[in-house]
Amino acid sequence: MESKSLKVSKLVQGFELSQGNGGSVVSLIDNSNCRELDPFLMLLHFKGKLPEGAPDHPHRGFESVSYILQGEMHHEDFLGNYGKLTAGDVQWM
């Protein structure tokens, strides 16, 4: 397989938003700054500590992927399904 060099076409600056109970997210990609990256809807970097978390929010019409760089994340959906992810884990919803 032949490798191919690609040029960086755009740099974007993330912006931090309050999220949940004391956590925050850095929005890196969203529809306002990277429309050409379809089919990606957004790329967020969540920062928080237990018991912080995200408020209830629907996941409709798209699939989300969570990748844990360090630490751990606990996730529970409205049906009571629960999971714990640790560094290196991936969750695809």
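Okay, let me start with what I mean by a pocket: on a 1 Å grid over the protein atoms alone, a cavity is a set of points where a 1.4 Å probe fits but cannot get out, while a pocket is an open set with protein on both sides within 12 Å along at least five of seven lines, and lining residues have an atom within 4 Å of a point. With that in hand, the second largest pocket here is lined by Ser9, Lys10, Leu11, Val12, Ile29, Cys34, Glu36 and Leu37.

Before going on, the caveats. This is a predicted model, where local features need pLDDT of at least 70 and side-chain atom pairs count only at pLDDT 80 or more, though totals for chains, interfaces and linings use all residues. Residues are numbered from 1 along each chain as its sequence is written, and side-chain values use heavy atoms, with hydrogens and water left out.

Back to that pocket. It holds about 160 Å³ of space, where a volume is the space filled by probe spheres set on the points, and grid points are joined across faces, edges and corners. By class, the lining has 5 nonpolar, 1 polar and 2 charged residues. For the classes, Ala, Val, Leu, Ile, Met, Phe, Trp, Tyr, Cys and Pro count as nonpolar, Asp, Glu, Lys and Arg as charged, and the others, Gly among them, as polar.

Now the overall layout. Among contacts (heavy atoms within 4.5 Å) with a separation of 6 or more, 27% join residues 24 or more positions apart.

Strands S5 (residues 72-76) and S6 (residues 82-86) pair in the antiparallel sense over 5 bridges; two strands pair if DSSP finds at least two bridges between them. Glu76 has Tyr82 in S6 as its bridge partner. There are 5 residues between the strands, and Gly80 takes a positive phi near 90 degrees.

How many salt bridges does the structure hold? It holds 1, counting a side-chain nitrogen of Lys or Arg within 4 Å of a carboxyl oxygen of Asp or Glu. The side chains involved are Glu72 and Lys84, at 3.6 Å, N to O. Glu72 is in S5 and Lys84 in S6, so the pair ties together parts 12 residues apart in sequence. Glu72 is partly exposed at 39%, and Lys84 is partly exposed too, at 49%.

Still in S6, there's Thr86, partly exposed with 31% relative accessible area. Not counting residues up to four places away, Thr86 touches Ile68, Gly71 and Glu72. Its C-alpha atom is 8.1 Å from that of Leu69, 17 residues apart along the chain.

Ser66 in S4 (residues 65-67) is buried at 19%, and beyond four places in sequence Ser66 touches Met73, Asp89, Val90 and Gln91. Ser27 sits in S2 (residues 23-29) and is buried at 3%. With neighbours within four places left aside, Ser27 is in contact with Gly14, Phe15, Leu17, Leu43 and Leu44.

Notes
Helix = DSSP H or I, 4+ residues; strand = E, 2+ residues; numbered from the N terminus. Buried < 20%, exposed > 50% of the residue type's maximum accessible area, 1.4 Å probe, protein only.
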